[in-house]
Structure formats: C-alpha cells, structure tokens
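I opened this notebook to record what I looked up in the structure, entry by entry. The sequence and the coordinates come before the entries.

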Amino acid sequence: MSVQKRKRISKKNKSAWRKTDIQDVEEYLEEQRQEERIGSFTEKKDEELFKIDVTPADAKKPTVLTEKQKRKLNAKKPLRSWQALENTSKVQDPIVKRNIIKQKKAGRNIEEEVVNPTKPRHKQANEDRLKTYAKVEEKIKKLATKIPDTNKDIWMEEDFRDKVPGLKDEKGWISEELAKYNAQKLGIPVYKVHDSIRHKTTKAKKFEPPHPGTSYNPSLEDHQKLIADIVDKEEKIIKEEQHLKRVTTQMFRKVTAEEREQQHLKEMSAGIDDDDEEEDGEEDSGNEENDGDENNKSNKKSGKKSKNKKENNEDDTAYTTLNPPVENKKKSKAARNRELRQKELQKKLAEKRALKKQIADLNRIKSIKSEVLAEEEELKKLMKRRKKAEFKKKFETKRLGRLKFNEPDQDVNMPDELSGNVRNIQTGTSLLIDRFKNFQKRNILPVSVATGKQKKPKVKRFPRSSHKEAGVSYQMLRDKRMAEKKAAQQAAKL
C-alpha cells in the first residue's frame with residue numbers, strides 16, 4: 001500500500017493558510033462542544049443510557065387512541081413553535097459572578113409600600129385602607145341580610161327634597177334645579193320617570209279570554225251568538241262598500257265609445273266654431289259697408305276725399321299713452337253740503353233703529369233669557385260630549401307608525417266544521433299571531449305589514465373590451481367585406 005506523499009505548500013502568506021486541511025481539528029472541536037451541550041457518556045448513569053425490557057412477548061397491542069384522547073395528550077405537550085426557545089444546552093456560564101443591574105421603575109411602587117411600609121405616611125395609608133375595607137364589608141353584610149319592604153308602593157311619587165333637610169323651603173328660595181344639583185353632589189339618587197308610567201295609556205287587557213263559541217265543542221247558544229256577531233260585522237262592511245260605490249262609480253252614467261268620441265270632438269272644437277261665426281259676421285258687415293260706400297262715392301265730391309285723408313294722417317301721427325290723464329273734477333260747495341246732510345240723516349235713522357230695537361228687546365226679556373239658557377245648555381252638552389270623546393280616545397290604540405290598527409277577524413268554525421274533539425279541530429289562528437296583535441293593541445309595537453321577499457332589479461352587465469375573449473369583431477367583418485368588394489371591382493375591370 002502506497003502512502004500518499006503530503007504536499008508541502010508555502011505558508012508565507014495568509015492566503016496560503018486557507019489551503020491547509022483542518023477538517024480533523026474541526027470535527028474534534030465539534031464533538032467537544034456537543035459533549036458540553038448534552039453531556040458525555042461517562043458522566044451519565046446506566047438508567048439514563050439503558051432500559052430493561054420487562055414486558056412479556058405475548059403482551060397485548062397498545063389500544064388505538066381516539067381523536068379526542070389525542071387532542072388531550074397534545075394539549076399537555078409544549079407547542080412546537082416554542083421548542084426553539086427552550087434551552088437544551090448543558091454548558092455552564094463561563095462568568096460565574098455577573099453584575100446584574102435591576103432598573104428602577106418610574107414612580108411609586110405602591111405594592112412595596114403596602115407590603116413593607118417604611119415611612120409613617122405609608123403606615124397611615126394602610127390603616128385607612130383597613131378602615132374602608134371594614135366599612136365595605138359591613139355594608140355588604142347589611143345588604144345580604146336586608147329583607148325588602150313589600151308593603152311599600154314602588155309607583156308612589158316621592159319628593160327627593162324631603163330626604164335632605166334644607167333643600168325644600170316654604171318661601172321657595174331654592175329652585176328645583178338647584179335642589180337636584182345639591183342632591184346629586186351629596187350622592188342622593190334623583191330619578192325622573194315619565195308621566196305615562198303613572199297612568200294607563202290603554203284599557204286593552206293583557207289577555208282576553210276567547211269567545212265561548214270558538215270552542216271545539218261549544219254550546220248551541222254560544223255558537224249561534226258568535227255567528228250572529230260576525231254576520232253583523234260583515235253586513236256593516238258590505239254596507240260601507242255599497243255606499244262608496246253608489247257615491248263614486250255609480251254616480252256617473254255609462255257612455256259608449258262612439259258617444260265618448262263625439263263628446264271629445266265637440267269639447268275640443270268648442271272655441272273654433274265661435275271664431276268661424278265671428279269671422280263670417282265681420283265679412284258680411286264689411287260687404288254691406290262697401291256697398292254703402294260705393295253709393296255715397298258717386299254723390300260725394302272730390303274735396304271731401306282730401307279732407308278724410310288729412311284726418312287719417314292726423315290720427316296715425318297722434319300721441320297716445322297707456323294710462324289716460326286723470327281729470328281733477330272737484331265737487332262744488334253745494335254738492336258737499338248735500339252729502340253732509342245725507343250722512344247726518346243716515347246717522348239719525350241708525351240711532352232711531354237702535355233705540356227701537358232696545359225697546360223691543362226690553363219687551364222680550366223673558367224670551368231672550370230662555371234663548372240664552374238654551375244655548376248655554378247646548379254648549380254644556382257639547383263640552384260633555386267632547387270631553388267624553390277625548391277621554392275615550394285617550395284609552396284607544398294609538399297610531400305609533402304609518403299604519404292604523406284594525407281589529408283582526410274573529411276565528412269561527414261553521415257547524416259542518418265542528419268536530420267535537422281537539423284532534424280533528426281546524427285551527428284558524430296562531431298563538432304567536434294573537435300575542436303579536438295584542439302587543440299592537442296595547443301600544444307596545446307599531447302596526448306593520450308583511451312585505452314578503454323583495455325583488456332585486458335586474459342589472460344589465462356588459463363586459464369590458466379589455467376583458468372580452470378574442471373572436472370576430474365588427475371591424476374584422478368590415479375589413480373582410482371591403483376586401484371582397486375591392487376584389488370584385490378589380491375582377492370586373494379585367
């Protein structure tokens with residue numbers, strides 16, 4: 001076996017040292033570092049290196065764990081993302097005594113002051129804390145043992161100023177706003193409740209028992225009474241509908257299509273006929289004047305013609321204004337005196353009439369008194385009716401929203417639909433709908449209507465020219481058509 005001769009390289013420069021093989025040195029150092037990290041085999045005990053197998057050969061196979069059991073085991077293990085942070089090295093710190101400087105926190109360390117009080121103010125603060133804690137504990141114990149007063153009326157109006165002496169004065173120097181401000185600063189709760197809580201807004205009951213005629217096995221009288229009530233309601237509705245038809249659609253007579261067209265033409269040509277008649281009348285009057293002028297022309301002289309021409313020219317050139325001048329026509333003194341005398345006479349007559357009426361009224365004092373009393377009674381009755389209507393309206397169902405509340409239709413089973421047992425009964429209403437309507441009646445919920453599924457408007461969409469697929473375009477077809485046309489022209493020339 002031939003031994004390879006080692007090359008001798010000049011190591012005069014630094015670059016020459018890089019060519020030397022130091023792999024064996026690096027392997028030795030790496031082994032030494034690994035022993036420092038995980039420890040050497042000589043230092044480890046036999047129990048750590050070897051394991052005695054005591055399980056028999058015919059041992060049962062390990063049971064297969066479920067997914068839930070696997071998750072529980074994995075939850076106990078540390079996360080894989082944290083494995084890189086674990087220090088697995090056993091290398092000792094080369095610097096045994098390190099100068100670890102603890103940075104002081106800014107501000108006071110209240111925890112240290114409470115645990116280790118050094119100053120007298122810290123000790124005083126701890127004593128004060130103990131006192132406050134004792135007070136809080138006493139309050140909690142009192143609240144736990146306190147029995148609520150069931151005899152107290154929770155809706156009773158209480159004035160908060162009665163609890164604090166000095167807030168409520170008879171002279172009224174302290175206003176209610178100032179009293180509220182002082183009460184809030186003193187820690188006394190001031191609650192403002194709406195007036196509607198103290199009085200009822202509706203007379204509708206929370207639960208109204210159903211009509212005995214709606215039972216699955218009702219008595220004959222109850223069932224007949226229920227049907228009669230429903231018939232009365234339906235008759236009222238039909239009567240209202242007939243009245244509306246009578247005063248709207250049935251008021252106007254029916255007209256055929258031909259008569260409608262004739263009426264339309266007559267209405268549209270109403271003014272045209274009058275204009276034509278006027279024009280015809282003007283033409284007739286013009287013809288008569290022309291005939292008269294021709295007869296007069298033969299009798300009149302030529303001098304009159306020139307005179308008429310001059311007058312026409314003067315009329316054309318005359319200046320006119322839109323508003324004619326106002327003439328100041330003053331009344332004469334005699335006319336003014338007559339007017340004054342007439343006014344005095346009218347005044348005397350009015351006084352005489354008033355005096356006559358007074359005398360007549362004095363004679364009929366009894367009848368006037370009875371008229372006044374009758375009018376007062378009518379006014380009192382009217383006021384009573386209005387108050388009654390207002391009071392009744394106060395407890396009616398309010399209009400909380402856009403729609404008005406209408407009583408739902410009464411559920412009824414006809415005689416042939418009655419079964420006699422609960423299993424075969426036909427239910428018309430639902431308990432949820434009944435409660436919902438009751439809330440609306442008692443002014444808790446606003447009246448609403450089921451709108452159903454809303455249809456979305458169809459939007460016509462067009463793809464962009466940059467997103468269109470490559471295909472035959474209008475320009476390509478045009479170019480092809482033009483090329484065919486040119487080819488046909490050239491063929492025709494040849």
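**Entry 1: the salt bridges of K441**

I looked up E208 and K441 and found that their side chains meet in a salt bridge, at 3.5 Å from N to O; the term denotes a side-chain nitrogen of Lys or Arg within 4 Å of a carboxyl oxygen of Asp or Glu. E208 lies in the loop between helix 7 (176-186) and helix 8 (220-247), whereas K441 belongs to helix 14, so the pair ties together parts that are 233 residues apart in sequence. I take helices (H or I, at least four residues) as DSSP runs, numbered from the N terminus.

I note that the model is predicted: local features need pLDDT of at least 70, side-chain atom pairs count only at pLDDT 80 or more, and totals for chains, interfaces and linings use all residues. Residues are numbered from 1 along each chain as its sequence is written, and side-chain values use heavy atoms, with hydrogens and water left out.

I then checked accessibility, with buried meaning under 20% relative accessible area, exposed over 50% and partly exposed in between (1.4 Å probe, protein chains only). E208 is partly exposed at 40%, while K441 is buried at 18%.

K441 also forms a salt bridge with E407, the closest N and O atoms being 3.1 Å apart. E407 sits in the loop between helix 13 (365-394) and helix 14, so its pairing with K441 ties together parts that are 34 residues apart in sequence. E407 counts as exposed, at 52% relative accessibility. Through shared partners, salt bridges join E208, E407 and K441 into one network.

**Entry 2: helix 14 and the residue after it**

Which residues of helix 14 are buried? I recorded N438, Q440 and K441 as buried. Viewed down the axis of helix 14, the buried residues fall within an arc of 160° (taken from the directions from the helix axis to the C-beta atoms), so they line one face of the helix.

At the start of helix 14, I found a side-chain oxygen of S430 within 3.2 Å of the backbone nitrogen of L432.

Just after helix 14, N443 takes a positive phi of about 60°, although N443 is not a glycine. Most residues other than glycine have a negative phi. N443 is found in the loop between helix 14 (431-441) and helix 15 (474-493), and N443 is buried, with a relative accessible area of 16%.

**Entry 3: aromatic rings**

The structure holds 1 aromatic pair. F391 and F395 form it, edge-to-face, at 5.0 Å centre to centre with 70° between the planes. For the term, rings of Phe, Tyr and Trp (its six-membered ring) pair if their centres lie within 6.5 Å; planes under 30 degrees apart count as stacked, over 60 as edge-to-face and the rest as tilted. F391 is partly exposed, at 47% relative accessibility.

Technical notes. Helices (H or I, at least four residues) and strands (E, at least two) are DSSP runs, numbered from the N terminus. A polar contact is a pair of N or O atoms within 3.5 Å; within protein, one must be able to donate a hydrogen and the other to accept it, and residues adjacent in sequence count only if both atoms are side-chain atoms.
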